[in-house]
Every structure is written in C-alpha cells, then in structure tokens.
Amino acid sequence: MTKVSLNHNFDAARKAKNDEFYTQYHDIEKEMNAYLEFNPDVFRDKTILLPCDDPEWSNFTKYFAQKFTELGLKKLISTSYAPSSKPSQIPYQPTLFELDSPDFDEAKTQSNGKIFTLTQDKTGDGVINVEDLQWSYLEGDGDFRSAEIRALRDEADIIITNPPFSMFREFFGWIVNAKKDFAMIGNMNAITYKEVFPFIQANKVWLGATGNGSDMVFRVPEGFVVAPKDKEKAEKLGYVGDYTRLGNSCWFTSIEHGRRHEPLSLMTMEENKKFNKTIQAVGYAEYDNYVAIEVPRTDAIPSDYEGVMGVPISFLHKYDPEQFEILGSQRWSKSPDLARIYRGKKTLDTDKATLINGKETYDRIFIRHRKPSS
Ligand SMILES: C[S@@+](CC[C@H](N)C(=O)[O-])C[C@H]1O[C@@H](n2cnc3c(N)ncnc32)[C@H](O)[C@@H]1O
C-alpha cells in the first residue's frame, strides 16, 4: 500500500516538473512561419492570447511582442500561473523586472498570476515591441480553468501556447471548446486520445507543420535533473545548460499551413511489392477480423488500393485531407472488431490493440484514398 502511494507521489511530482518545460524561440518561429507562408495575414488585426506562459521570460511573448507591427496584431495578451499554485514547488524568486516595478506587491508575487498586454507604443519610440508590454497581477492565480482566464480566452481570436504537459487532455478540451483558432504543443501520443482523435478525424484539428518526429528542445528550471542522453542530444543541437529534448513533441493546431496540402507521392501495390523492402518482407496482410489491409509504414501505402488500410499514427505527419479520408482509430473504436485487430496467431493475454501473426505492434488508424490512382 505504502509502495503504491509513494510511486504515485513520485509520478505526480515527475509529471508536474515536466510541466515546466519552456519552448525555444526557434521552434515557435518555425511553426508560425509555416502559418504565415500559407496566409501572410493570418495574425492581422487579431487578438492573440498566450495562456500558461511566463511572460517575463517566455519566448512566445517575446516572439509576438517583437513582431507585433510586422504581423499586424491588434492586441497581445499573455498570462502566467502563480508560483504558489505550481505543483512542482519550484522555488520562485521575483525577477528584477517585477521587483523594480512600482506595481510590485509582496503579497501577490507568490499567489497571483500575471497578465501582460500589448496594444500600443507606450514608450513613444515609434515602434511597438517588448518594451511596450504593460503588466499587472491577475485577480486570481492564472489557472486556465478560472473564470478570469476563460474570459480572456473568449476575448481572443487565436490562442497559442505550450500548456502543462500533465494537463494536456483538459487543456485541449478547454481550447477546442473556445471554438477559436489555436496552436499548442503536445505529445504525438495524444493523437489517439479519445478527447483528440475525433477532432483530427473531422479535420477540425491537425498536426502542425514542424517538429513532427524531430527533436524539440525545452529549457528546464535550474537544477532539474535531465536524463544524460536528453542533455547530450540538446547539446548537439546547440543548447548547453538547463535544457532537455523530447523526440515526440508536435503542434496541434486549427491554423492552416501548406504541409497538409502536399499529397504524398506513392507507388502502386505492385511497385511496392517489387521495390519496397518492408513490403517485400511482409507483404500486405489482411486482418482476420476487419476488412482492411495492414500497411506497416506510411511510404508503403499503395497509390491504387481502393479499400481500407490500417496505417501507423505517424501517417498523420504526411496527411493531406484532399488525398485521404480518415475512417477511424482502432483504439477508440466502439466496434469490438476494431478495438483489437489481428492477423494470424491471436494471443489473448495482451492488451495491445494490434497483433500481426502474434506480434504486437503500435496502434493503427484506418484510412482510404479519396481517389485511388494508378
Ligand atoms: C510546459 S510549460 C510552458 C511555459 C510556456 N508556455 C513556454 O512554452 O515556454 C507550462 C506552464 O503552465 C503552467 N501551469 C501549470 N498548471 C497550470 C494551470 N492549471 N493553469 C495555467 N498554467 C499552468 C506551468 O507552471 C508552466 O509555467
């Protein structure tokens, strides 16, 4: 019993600490550039909200404040979470910026969130940028679930952030409920969450243009213990010090970008059988309990197959909704057939959803060509 609760506490603490991963400027810029390439006016005259931020040092705030004029923003709002509410209990020292401000309040510095807004050239130097940000303490702690932050969400046109990782599902629900455009960082595995997949299937949410499957580096609080291999990888990417890297981060967004309108270039089934090493080895298995073929890699999707295909979730990196239709995900399927697909030897003592000849494999999503081509 004790062991279980200790592990539970440890897990909660570990997750809470992962909530303090700070996004790099370059990663934000790359993703925003993809939206801007598709539509140079995507942010024009818009109110942008950056919730779950730490505006005094956040690269999200820095990016949008610096580019306020260039992007033609109407208003930028950025909010932070009160230090005393952060479950990670990371010791908090107010920044010099806050301490030196006439608005500094000893009582509020730990228990209240902050709000930074930018609308005009406050300094009168002829440009609108970081120097013109105005700040105050929030009434509450800045929890995205509070009425205070919900009202800001409802005021905004576009919401952009990297939310606390441990609250991904709740945050995702919060953001889609707003029915506003958004971009948020998350983990690739979230694609198959029952809270997320229906939005992807319905083409209301998609993966961003960048980061998919490549390393994303995050700054961590001083003293945070980073696994040596992650530290090493972050260093190789030029980030030395308090940094870590995650290999499975991606953006979830409802903002258009060009990557999702580039059709995949594919071989026919016969060509794959001749030239694709994976297919030469395993062929295209038909599931025993569902009318579809198993396609183990995205590059092996046959261009001329008219039926349903089970593909790995990494397919979504390359998904063009004009080329394919997504029919479902086995994991959250209500159909007992789909919940566990298999071919050949069926091992019952596993909870893995896909079995090919007794070998467990990752979840599949089911797709079909809109127009198969030979
Ligand atoms: C992954 S960090 C990212 C911070 C910043 N957006 C960035 O990308 O650099 C998530 C932030 O959300 C804060 N946070 C945790 N729980 C929160 C909540 N319930 N409401 C608002 N913010 C929260 C964390 O303390 C942390 O500062």
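Visitor: Is E29 buried, exposed or partly exposed, and why?

Guide: Burial is read from neighbour counts: a residue is buried if 20 or more other C-beta atoms, placed from the backbone, lie within 10 Å of its own, exposed if 12 or fewer, and partly exposed in between. E29 counts as partly exposed because it has 15 C-beta neighbours inside 10 Å. This is a predicted model, in which local features need pLDDT of at least 70 and side-chain atom pairs count only at pLDDT 80 or more, while totals for chains, interfaces and linings use all residues. Residues are numbered from 1 along each chain as its sequence is written.

Visitor: Where is E29 placed?

Guide: Helices (H or I, at least four residues) and strands (E, at least two) are DSSP runs, numbered from the N terminus. E29 is in helix 2, residues 25-38.

Visitor: Which residues come nearest to the ligand?

Guide: A residue is near a molecule if its C-beta atom, placed from the backbone, lies within 6 Å of it. There are 21 residues around the ligand, and Y22, T23, C52, Y81 and N162 come nearest. Strand 1 (22-23) and strand 2 (47-53) each supply at least two residues of this shell.

Visitor: What is the phi of C52?

Guide: C52 has a positive phi of about 55° although it is not a glycine. C52 lies in strand 2 and, because it has 23 C-beta neighbours inside 10 Å, counts as buried. N203 also has a positive phi, near 60°, and is a residue other than glycine. N203 lies in the loop between helix 9 (197-201) and strand 8 (206-207), and it counts as partly exposed because it has 13 C-beta neighbours inside 10 Å.

Visitor: In what order do the strands of the open sheet run?

Guide: Strands of a sheet pair through backbone hydrogen bonds, either parallel or antiparallel. Two strands pair if DSSP finds at least two bridges between them. Here eight strands form an open sheet in the order 5-4-3-2-6-7-11-8, with mixed pairing. Strand 5 (134-137) and strand 8 are the edge strands, each pairing on one side only.

Visitor: How many bridges join strand 3 and strand 4?

Guide: Strand 3 (residues 75-80) and strand 4 (residues 114-118) pair in the antiparallel sense over four bridges. The bridge partner of I77 in strand 4 is T117.
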